[in-house]
Amino acid sequence: MIKMIALDLDNTLLNSQKEISPANERALKRLHESGIKVVLCTGRPINAIGHYIDQLELHQPDDFTITFNGGLVVNNQTKQPLYAQGTTKADLQAVYDYLRSQGLPMDVLDFDRVYELTELGPAHYKGTVKNIEFVDTTMADLPGAEHSFAKAVLATEPAKVTQAKAQVPAAVTAKLRVVQSQPHILEFLPLGVNKMVGLNHLLAHFGWQAAELMTFGDADNDYEMIRDAGDGVVMANGLDNIKKAADHLTKSNNED
């Protein structure tokens with residue numbers, strides 16, 4: 001029996017206008033009211049998706065969201081973390097060196113804000129993520145060794161992202177996990193972090209098993225939760241390698 005439904009946002013639950021359709025809103029509210037946990041799973045911080053949480057009325061004391069691609073499991077009501085895993089400035093140095101060598105921009109996120117590294121030029125991330133503080137800074141001025149970061153992001157033209165993804169050096173992959181979450185976004189995550197890791201912590205909190213989980217996704221950063229859930233569902237617009245891990249395929253994100 002499915003007790004929890006976890007949904008990726010971009011190109012999955014959200015249509016091309018970045019909206020939750022009225023039909024999907026009604027269906028998810030009905031499921032939530034029946035006692036099934038509805039969990040949004042995203043690379044974004046929770047304050048950047050508050051309007052979606054409000055729209056679905058996911059404000060019960062035991063409602064949670066998976067953010068930062070599994071790096072943070074946070075209570076929707078209290079904003080307190082159930083689980084968190086970050087990385088260090090030292091580990092992000094290899095990403096910085098690589099992107100700088102390619103003339104590409106870089107944003108760094110901790111669990112509260114986005115640091116835009118001005119010496120690498122303008123990025124497209126500010127146009128993608130709303131309702132979070134952006135701080136202009138440099139790599140040298142990032143908070144130091146004791147500070148925990150959620151991820152680094154390359155946000156630029158899709159063709160440049162595709163090329164950068166294909167050429168990521170071993171110095172980066174030895175320290176961080178690299179996933180493409182949208183055509184114009186490449187993410188550098190702490191090793192061992194993925195959405196299923198966060199979901200496993202949340203399932204354990206409720207005393208449930210992965211067999212009682214249904215997941216919906218489309219992209220690289222959804223792979224593990226599609227593969228490991230009792231029922232993993234991939235959108236028609238999803239990547240071919242993610243479809244191969246699915247239990248079921250459904251229509252596109254623009255077809256409810």
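1. The largest nonpolar core has 33 residues, and those that touch the most other members are L7, L9, L13, L40, Y52, L56 and Y125. A nonpolar core here is a set of buried Ala, Val, Leu, Ile, Met, Phe, Trp, Tyr and Cys residues joined through side-chain atoms within 4.5 Å, where buried means under 20% relative accessible area, exposed over 50% and partly exposed in between, with a 1.4 Å probe and protein chains only. Two or more residues of this core come from each of strand 1 (4–8), helix 1 (9–13), strand 2 (37–41), helix 3 (50–56), strand 4 (72–75), strand 9 (151–155) and strand 12 (213–217), and the largest share, 3 residues, is that of helix 3. Helices (H or I, at least four residues) and strands (E, at least two) are DSSP runs, numbered from the N terminus. In soluble globular proteins, nonpolar side chains tend to be buried together.

2. On the basis of the model: it is predicted, so that local features need pLDDT of at least 70 and side-chain atom pairs count only at pLDDT 80 or more, while totals for chains, interfaces and linings use all residues. Residues are numbered from 1 along each chain as its sequence is written, and side-chain values use heavy atoms, with hydrogens and water left out.

3. Leaving aside neighbours within four places in sequence, L7 is in contact (heavy atoms within 4.5 Å) with L13, L28, V38, V39, L40, C41 and F216. A second, separate core of 24 residues includes V95, F149, L154 and V168.

4. The largest pocket has a volume of about 290 Å³, and of the 16 residues that line this pocket, L7, L13, N24, F216 and D256 lie nearest its centre. Pockets and cavities are found on a 1 Å grid over the protein atoms alone: a cavity is a set of points where a 1.4 Å probe fits but cannot get out, a pocket is an open set with protein on both sides within 12 Å along at least five of seven lines, and lining residues have an atom within 4 Å of a point. Grid points are joined across faces, edges and corners, and a volume is the space filled by probe spheres set on the points. Strand 1, helix 1 and helix 2 (22–33) each supply at least two lining residues, with helix 2 giving the most, 4 residues. The lining divides into 8 nonpolar, 5 polar and 3 charged residues, where Ala, Val, Leu, Ile, Met, Phe, Trp, Tyr, Cys and Pro count as nonpolar, Asp, Glu, Lys and Arg as charged, and the others, Gly among them, as polar.

5. The second largest pocket has a volume of about 190 Å³; 13 residues line this pocket, and L72, V74, K79, F111 and D112 are the closest to its centre. Strand 4 and strand 5 (81–84) each contribute at least two residues to the lining, which by class has 8 nonpolar, 3 polar and 2 charged residues.

6. There is 1 cavity of 30 Å³ or more, and the largest cavity has a volume of about 130 Å³. Of its 17 lining residues, D10, G43, S181, Q182 and E187 are the closest to the centre, and helix 1, strand 10 (176–182) and strand 11 (185–190) each give two or more residues to the lining. By class, this lining has 4 nonpolar, 6 polar and 7 charged residues.

7. D110 deserves a look. This residue lies in the loop between strand 6 (107–109) and strand 7 (113–117) and counts as buried because its relative accessible area is 1%. The D110 side chain reaches the backbone nitrogen of D112 at 2.8 Å, and a polar atom of that side chain also lies 2.8 Å from the backbone nitrogen of R113. A polar contact is a pair of N or O atoms within 3.5 Å; within protein, one must be able to donate a hydrogen and the other to accept it, and residues adjacent in sequence count only if both atoms are side-chain atoms. Beyond neighbours within four places in sequence, D110 is in contact with F68, Y115, H147, S148, F149 and A150.

8. A150 lies in the loop between strand 8 (133–137) and strand 9, and is buried because its relative accessibility is 2%. Not counting residues up to four places away in sequence, A150 touches F68, L109, D110, F111 and P190.

9. A211, in the loop between helix 7 (195–206) and strand 12, counts as exposed because its relative accessibility is 58%. With residues up to four places away in sequence set aside, A211 touches I2 and G230.
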